[in-house]
Amino acid sequence: MSTNSHDRLLIIDFGSQVTQLIARRLRELNVYCEIHPFQKVTDAFLAAFAPKAVILSGGPASVFADGAPMPPAGVFTLGVPVLGICYGQQVMMHVLGGKVERGHGTAEFGRAYVTAKGGDLPLLEGWFADGREQVWMSHGDHVSRLAPGFEVYGTSPNAPFAITADTDRNFYAVQFHPEVHHTPKGAQLYENFVALAGFGGDWTMGAYKDEAIRRIRDQVGTSKVICGLSGGVDSSVAAVLIHEAIGDQLTCVFVDTGLMRQGEAAEVVGMFRDNYNIPLIHADESELFLGRLDGQSDPETKRKIIGGLFIDVFQKHAHAVGGAEFLAQGTLYPDVIESVSFSGGPSVTIKSHHNVGGLPEKMGLKLVEPLRELFKDEVRALGRELGLPASFVGRHPFPGPGLAIRCPGEITREKLAILRQADAVYIDQIRRHGLYDEIWQAFVAILPVKTVGVMGDGRTYDYACALRAVTSVDGMTADYYPFSHEFLGETATRIINEVPGINRVTYDVTSKPPGTIEWE
């Protein structure tokens, strides 16, 4: 749980797929909030957390199900504003004396329109200028009778109590999802809610930076810290923040696996040595990694080899620091949320993640994770606050296993060299057309097939490649970027002309889900 220095809003999670979006909307309003699964939120937890307001999320359950998720009774006796969303509305009515009914033809999924009803409500300031608003519904059950004290302020064809409130107790409930972009004025509703709850918007990256520096100093004292620097935004921001807190007590270890993009190792090492004067060990272990990956084609095997080698190499070089007691990691808030299973049961492993998992225990180190309360866009904002170059802070995410997972099939030095060149041309094209900042992530994957082509009067038999570019908010879901055919044609021509070894270019138009962003 975070420090108490900020006004805090508690989001009780009942398993909605979009609960993270609630937190993001609030953070955008400079409101500090945390998501916690309903099982964890006891009356004792509420007393310790001391929220200034509470939001009950949506979820897939029915209040009629055995063991249906419920909030603790103390939520409604705290004396703070409470907002229920979708299942959160239903559970609020169920607990407080209203009535919920099963679907029976009143389910709503997708776009719907809510019509204003009743008097003015501060929660709806700026809504209903034309008498109705578009919202996004996703419910089977519905509220059929309001709890005592509640009035209706909005209705839709299949949700007679789409917006309800008990203004005396500051309880509000909506059947739709204001956090998704399909509810165009949803952000306004959240802004109104935090305003009526009295939040002052004290959650800023400037304030967070100063607070984080104090916490790092308190945690670390005079001990030494090592940080595995991957070259990505998260570990880089963590390193600069920790260095600002404790100076030369920090040593970074940059492991060059031979799986980096073109010029990346030199760029990362140069930036840290030239701009930040942070003690840095540059461990060129490319021969070790590429040797162990030689002939490997299974993606999970590749990831496990890379993860295992990274731990071994990091441990070897970390010993050179001597006496380090802490390991720094760039863990983000989505990582923390996803580590807690809503159901309490195991989740399916889509793919193993490369990190330094297991290393702290193996080396007897304690963890320093100064970014674990932040979303990705907040990390970028913190990076700007710390003075990292804009070109570096705005870089697209790059996976820990690097180009190994953009090279389906066997990894060879030849294929990696081709991939680096093709990727460099592709990113150059994106930058030339001014599209880089519109795209969450873009890269080339070299395919494990060769195709026949014609160049000049000769026959070619070279690799095919796939271009990938996606838009996303946080990487949890993504859609392909809608390049023009002119851009794709121009880029394909450049790659084929400038990169020996490729004679065919394709574009991947798969969203996430069902695909993942990376190919492996």
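A polar contact here is a pair of N or O atoms within 3.5 Å; within protein, one must be able to donate a hydrogen and the other to accept it, and residues adjacent in sequence count only if both atoms are side-chain atoms. The model is a predicted one, so local features need pLDDT of at least 70 and side-chain atom pairs count only at pLDDT 80 or more, while totals for chains, interfaces and linings use all residues. Residues are numbered from 1 along each chain as its sequence is written, and side-chain values use heavy atoms, with hydrogens and water left out.

First, the overall picture. The protein has 15 helices and 20 strands, taken as DSSP runs (H or I, at least four residues, for helices; E, at least two, for strands) and numbered from the N terminus. Its C-alpha trace spans about 75 × 65 × 40 Å along the principal axes. Of the 520 residues, 56% count as buried (under 20% relative accessible area, with exposed over 50% and partly exposed in between; 1.4 Å probe, protein chains only).

Arginine 380 sits in helix α12, residues 376–385. A polar atom of the arginine 380 side chain does lie 3.0 Å from the backbone oxygen of arginine 395. Beyond neighbours within four places in sequence, arginine 380 is in contact (heavy atoms within 4.5 Å) with Val233, Val393, Gly394, Arg395 and Pro397.

Aspartate 234 has a partner elsewhere: a salt bridge joins it to lysine 376, with the closest N and O atoms 3.0 Å apart.

Across the whole structure, a search finds 23 salt bridges. One of them pairs arginine 215 with glutamate 373 at 3.3 Å, N to O. Arginine 215 lies in helix α5 (residues 205–220) and glutamate 373 in the loop between β16 (366–368) and α12, so this pair ties together parts 158 residues apart in sequence. Arginine 215 is partly exposed at 31%, whereas glutamate 373 is buried at 9%. Elsewhere, Asp428, Arg432, Arg494 and Glu498 are linked in a salt-bridge network.

Definitions and conventions
Salt bridge = Lys/Arg side-chain N within 4 Å of Asp/Glu carboxyl O.
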